[in-house]
Amino acid sequence: MTFDVPDACTLPTAERPLRLAEFDALFTTAVRDVETVSPTRARMLLTGPAGLEAAVRDLAARETQCCSFFTFTVTPQPPDSLVLDIEVPPAHTGVLAALVGRAAR
């Protein structure tokens, strides 16, 4: 599956495949459910080992640094899961849809 990186992304081109691989690894190991709430908002349920919340928060923070149009909200769900809400402005719905597509595979 291809992923078109928007012009608004400031991550150096050489680092983009590595970041995408980080998201793919998270999606493969932790995502249990993916919901498109609206064209500009998605919700993911994640479960995993201790440290998952810190890892998700770190990845979200780094992604927001280079793609400031993303808003990530991490909400712990006791006992061992968390919800990741992802929001984008209307101009970036295609990016969100592609990310959701990767998570749902």
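Author: The dialogue below takes up the sheet and then the helices. This is a predicted model, in which local features need pLDDT of at least 70, side-chain atom pairs count only at pLDDT 80 or more, and totals for chains, interfaces and linings use all residues. Residues are numbered from 1 along each chain as its sequence is written, and side-chain values use heavy atoms, without hydrogens and water.

Reader: What is the order of the strands in the open sheet?

Author: Strands (E, at least two residues) and helices (H or I, at least four) are DSSP runs, numbered from the N terminus, and two strands pair if DSSP finds at least two bridges between them. Here 4 strands form an open sheet in the order β1-β2-β4-β3, with antiparallel pairing. Because β1 (31-38) and β3 (71-77) each have a single partner strand, they stand at the edges, and one side of each is left without a neighbour in the sheet.

Reader: How many bridges join β2 to β4?

Author: Strand β2 (residues 41-47) is joined to the antiparallel strand β4 (residues 81-87) by 7 bridges.

Reader: Which residues of α3 are buried?

Author: Buried means under 20% relative accessible area, exposed over 50%, and partly exposed in between (1.4 Å probe, protein chains only). In α3, the buried residues are Val 95, Leu 96, Leu 99, Val 100, Arg 102 and Ala 103. They cover an arc of only 160° around the axis, taken from the directions from the helix axis to the C-beta atoms, so they lie on the same side of α3. Ala 97 and Ala 104, on the other side of α3, are exposed.
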